[in-house]
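Reader: I'm new to this one. Could you show it to me and walk me through it?

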Amino acid sequence: MKNEPLIAKLNKNVMKLSNIVLELDKKVSQLSSDVETINSYIKQQKLKDKEKLQQTKEEIKSGWWFS
């Protein structure tokens, strides 16, 4: 390896770096997808909570104590 031309060593290092960047990109993509899934779930839960609160308000308004 000591007698290996400088360009070949440089090429190997560039390839290693390229592979590392590709792996990181895959991980970032997966994390981004996971974050989107979590955000979607949170939005759904907020909508359900909002609907439940509205339903509770309606039930209170139509309760016997207000009749």
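Author: Let's begin with a term: helices (H or I, at least four residues) and strands (E, at least two) are DSSP runs, numbered from the N terminus. This is a predicted model, where local features need pLDDT of at least 70, side-chain atom pairs count only at pLDDT 80 or more, and totals for chains, interfaces and linings use all residues. Residues are numbered from 1 along each chain as its sequence is written, and side-chain values use heavy atoms, with hydrogens and water left out.

Reader: Which helix is Val-14 found in?

Author: The protein chain has one helix and zero strands. That helix covers residues 6–61, and Val-14 sits in it: helix H1.

Reader: What radius of gyration does the protein chain have?

Author: The C-alpha trace spans about 95 × 10 × 10 Å along its principal axes. The radius of gyration is taken over C-alpha atoms, and the globule rule is 2.2 Å times the number of residues to the power 0.38. For a compact globule of 67 residues that would be near 11 Å, but the protein chain has 29 Å.

Reader: What percentage of the residues in the protein chain are buried?

Author: Buried means under 20% relative accessible area, exposed over 50%, and partly exposed in between (1.4 Å probe, protein chains only). Leu-47 is exposed, at 52%, and Glu-36 is exposed as well, at 53%. Of the 67 residues in the protein chain, the buried share is 3%.

Reader: Which residues make the nonpolar surface patch of about 300 Å²?

Author: Patches take residues with over 30% relative accessible area and no salt bridge, joining like charges within 9 Å and nonpolar side chains (Val, Leu, Ile, Met, Phe, Trp, Tyr) within 5 Å. Accessible areas come from the Shrake-Rupley method with a 1.4 Å probe, and for residues only the protein chains shown count as cover. Val-14 clears the accessibility cut-off because its relative accessible area is 46%. The patch is made by Ile-7, Leu-10 and Val-14.

Reader: Which residue meets Glu-4 in a salt bridge?

Author: A salt bridge is a side-chain nitrogen of Lys or Arg within 4 Å of a carboxyl oxygen of Asp or Glu. A search of the whole structure turns up two of them. The N to O distance is 3.0 Å, and the partner is Lys-12.

Reader: And how far apart are the closest N and O atoms of Lys-26 and Glu-23?

Author: Both residues lie in helix H1, three residues apart, about one turn of the helix. Lys-26 is exposed, at 56%, whereas Glu-23 is partly exposed, at 41%. They form a salt bridge, and the closest N and O atoms are apart by 3.7 Å.
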